Amino acid sequence: MKRASGVIVFLVLLIAALGAVFVLGYSPMHVPHDSVGVIVSKTSGVSEKPVEAGKFQWNWQLLIPTNAKIRSFSAKPYTYSKVKSGELPGAEIYSSLFNDKPSFKYSMTFNLELKCDSNEFVNLVKNSDISSDSDLKAKYESCAEEIVSKILDKIFTQFTNDDDNKLIDIEAVKNDIVKEYDGTFSVVSLNISDVKIPDVAVYKNARKMYSKHMSEIEAELEKLTSIQAKEISDNTKSISKLEKFGKVIKENPELAELLKSSKDLSDTLKTIYEYN
């Protein structure tokens, strides 16, 4: 009887110990709902497999006290919503060329949703890019800004490309950028609304008018510079000749007497001046 009781106690203790080992090593229990965990341990470094709530995963690294910890990150998609506004390059100058002063300002609202793949969390932690949800949010925002910036750059290129006179198709630009994007996160959705952009033809016409106006000014300045340079050169030559003439008179006093007795002083001076 005592032996049977001992066996029962042993089995109970064994089951309890096994249960404790299972609980300690069952990593999903340590990850909140709607989150993804990455195990970082002293013995194995960053685990290659992410920990996801609801999926079975057991990790022996968690059994050793202070050996491992699970960094949890929100698995929910990130939502970016911003209004981007401003002026096209040279807007104020170009507008002043017209009597009705057209506006070359733009404005549009971007609503973007990004998501991180579970396996990508491992790479982000391994590369020391994130260690908390605030780091993840900053990474999301940087990525969203990059996508929005590329869309705006492509739109601006159509405004400044004189060979492209097509109307700007915002939807096509958006789709091209999303298709080309190959970043850390996946684009769940992207919507551009409240779009207000200047008339492309008017803006390009203003750029041409301004360019022509500046070319005319530059040509006139070049002409004036050439005239002034010639005048300065002529004056320099005249001063040089006068200095030489004065030196000759000083070195030859008899010329001074000749000038005094000359009937036509003007012709005499001209002859001596041209000679020098």
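A polar contact is a pair of N or O atoms within 3.5 Å. All views below show a predicted model.

**View 1. The N-terminal end of helix α5 is capped by Asp169.** A side-chain oxygen of aspartate 169 lies 3.2 Å from the backbone nitrogen of glutamate 171. Helix α5 itself comprises residues 170-180.

**View 2. Helix α5 carries the buried residues Ile170, Val173, Lys174 and Ile177.** Seen down the axis of α5, the buried residues fall within an arc of 100 degrees, so they line one face of the helix. An α-helix has 3.6 residues a turn, so residues three or four places apart point the same way. Among the elements that cover the buried residues of α5 are α4 and β7 (186-196).

**View 3. The largest nonpolar core contains 43 residues.** Within this core, the residues touching the most other members are Phe110, Leu114, Ile147, Ile151 and Phe185. Helix α4 (residues 133-160) makes the greatest contribution to the core, giving 10 residues.

**View 4. Phenylalanine 110 and its contacts are shown, with residues up to four places away in sequence left out.** The residues touched by phenylalanine 110 are Tyr80, Ser81, Lys82, Lys84, Val148, Ile151, Leu152, Leu190, Asn191 and Ile192. Of these, Ile151 is also among the core members that touch the most others.

**View 5. Arginine 207 is located in helix α6 (residues 200-251).** Its relative accessible area is 22%, and arginine 207 is thus partly exposed. Proline 89 lies 118 residues from arginine 207 along the chain, and the C-alpha atoms of the two residues are separated by 9.8 Å.

Notes
Residues are numbered from 1 along each chain as its sequence is written. This is a predicted model: local features need pLDDT of at least 70, side-chain atom pairs count only at pLDDT 80 or more; totals for chains, interfaces and linings use all residues. Side-chain values use heavy atoms; hydrogens and water are left out. A nonpolar core is a set of buried Ala, Val, Leu, Ile, Met, Phe, Trp, Tyr and Cys residues joined through side-chain atoms within 4.5 Å. Buried means under 20% relative accessible area, exposed over 50%, partly exposed in between (1.4 Å probe, protein chains only). Helices (H or I, at least four residues) and strands (E, at least two) are DSSP runs, numbered from the N terminus. Contact means heavy atoms within 4.5 Å. The arc is that of the directions from the helix axis to the C-beta atoms. A polar contact is a pair of N or O atoms within 3.5 Å; within protein, one must be able to donate a hydrogen and the other to accept it, and residues adjacent in sequence count only if both atoms are side-chain atoms.
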